[in-house]
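Please read these points with the sequence and the structure side by side.

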Amino acid sequence: MDLCNVNDIKALLGRHGFRFSKSMGQNFLIQSWVPNDIADASGANASSGVLEIGPGIGPLTVQLARRAGRVVSVELDRSLLPILEETLSGCGNTELLPGDVMKLNIPALVADKLSGLTPIACANLPYNITTPALTALIEADCFSAITVMIQREVALRICAAPGTADYGAFSVYCQYHTDPELLFDVPPDCFLPAPKVTSSVIRLVPRGAPPVPVADEKRFFQVVKASFAQRRKTLLNGLSSAYGSRLGKEALREVITSCGLSADVRGERLGIPEFAAVAARLGELLANGTD
């Protein structure tokens, strides 16, 4: 059975009475080069233990199983379980876990199921859970690499540089914790049913430490969030909305200019070093009770 052949897929789904769920964002691959190239990009090898999210009918799972020491796939849609039991029957190094990855303790799962192997994550993520799923994988802090296929516009946002239209708070979050790289695009005609948008495969390699020292990570991300809350407003206005009850506008203006920035700079023009500097200076003033 070819898990990327449209006729084979339709016959397989028909035998099991499967119906696509729009709410789960189900789009199955129909071009074999895609799962092959994703598995290659993941870096999976005999010493790897892979956590896969949303295996669908299993084309990527099979490719990962051919490369990795072990593959654990988490699938939310229980109607896919009997299909996966059939399609993965020849893969002795795979394990299928029914459930919602967003409700799982990922570090505990990895420690239990992938012990003794180098953990990596790899998935064709449903569009509707891209941001929370990626956040969960990053915060699990247990993978040497995270390779996922996601909506192209999200991939561009993750990799965006300061001052560009795609740059935002999620860009900063991902680039603070990982070194992201956009690898290749996957057009809509590679899926059944075909989505309305292009997908992209992206690899995020977790950093051993942030790009710059950050004394207070919570405040750092509070500053980032405030800076993008009013995207077309100045950084000063964003900080005033978040910290105006504790620091006057002149004090906040001094925070910005003391970091070598223009008083009317917009938050989307700051990179991680500038956000870190602003957060550090804010912390100093707040600790001193300056108003």
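Leaving aside its neighbours within four places in sequence, which residues is Thr61 in contact with?

1. The model is a predicted one, in which local features need pLDDT of at least 70 and side-chain atom pairs count only at pLDDT 80 or more, while totals for chains, interfaces and linings use all residues. Residues are numbered from 1 along each chain as its sequence is written, and side-chain values use heavy atoms, with hydrogens and water left out.

2. To take the question up, Thr61 is in contact (heavy atoms within 4.5 Å) with Glu52, Pro55, Val71, Ser73, Leu88 and Thr94, once its neighbours within four places in sequence are set aside. Thr61 is found in helix α3, which covers residues 59-67; helices here are DSSP runs of H or I with at least four residues, strands are runs of E with at least two, and both are numbered from the N terminus.

3. Thr61 has a relative accessible area of 0% and is therefore buried, a term for values under 20%, with exposed meaning over 50% and partly exposed in between, for a 1.4 Å probe and protein chains only. The side chains of Thr61 and Glu52 are joined by a polar contact of 2.6 Å, that is, a pair of N or O atoms within 3.5 Å, of which, within protein, one must be able to donate a hydrogen and the other to accept it, and residues adjacent in sequence count only if both atoms are side-chain atoms.

4. Turning to helix packing, α10 (residues 235-243) and α11 (residues 249-258) pack at an angle of about 130°, and their axes are 10 Å apart. That angle makes α10 oblique to α11, since angles under 35 degrees count as roughly parallel, over 145 as roughly antiparallel, 65 to 115 as roughly perpendicular and the rest as oblique. In this pair, Leu235, Leu236, Asn237, Leu239, Ser240 and Tyr243 of α10 meet Lys249, Leu252, Arg253 and Ile256 of α11.

5. Helix α11 also packs against α12 (residues 272-288), at an angle of about 140° and with the axes 9 Å apart. The contact is made by Ala251, Leu252, Glu254, Val255 and Ser258 of α11 together with Val278, Arg281, Leu282 and Leu285 of α12. The helices α11 and α12 are therefore oblique to each other.

6. For the chain as a whole, there are 12 helices and 9 strands, and 48% of the 291 residues count as buried. The C-alpha atoms fill a box of roughly 70 × 40 × 25 Å, taken along the principal axes.

Methods:
Axes are lines fitted to C-alpha atoms, for helices over the stretch in contact, and angles run from 0 to 180 degrees between N-to-C directions.
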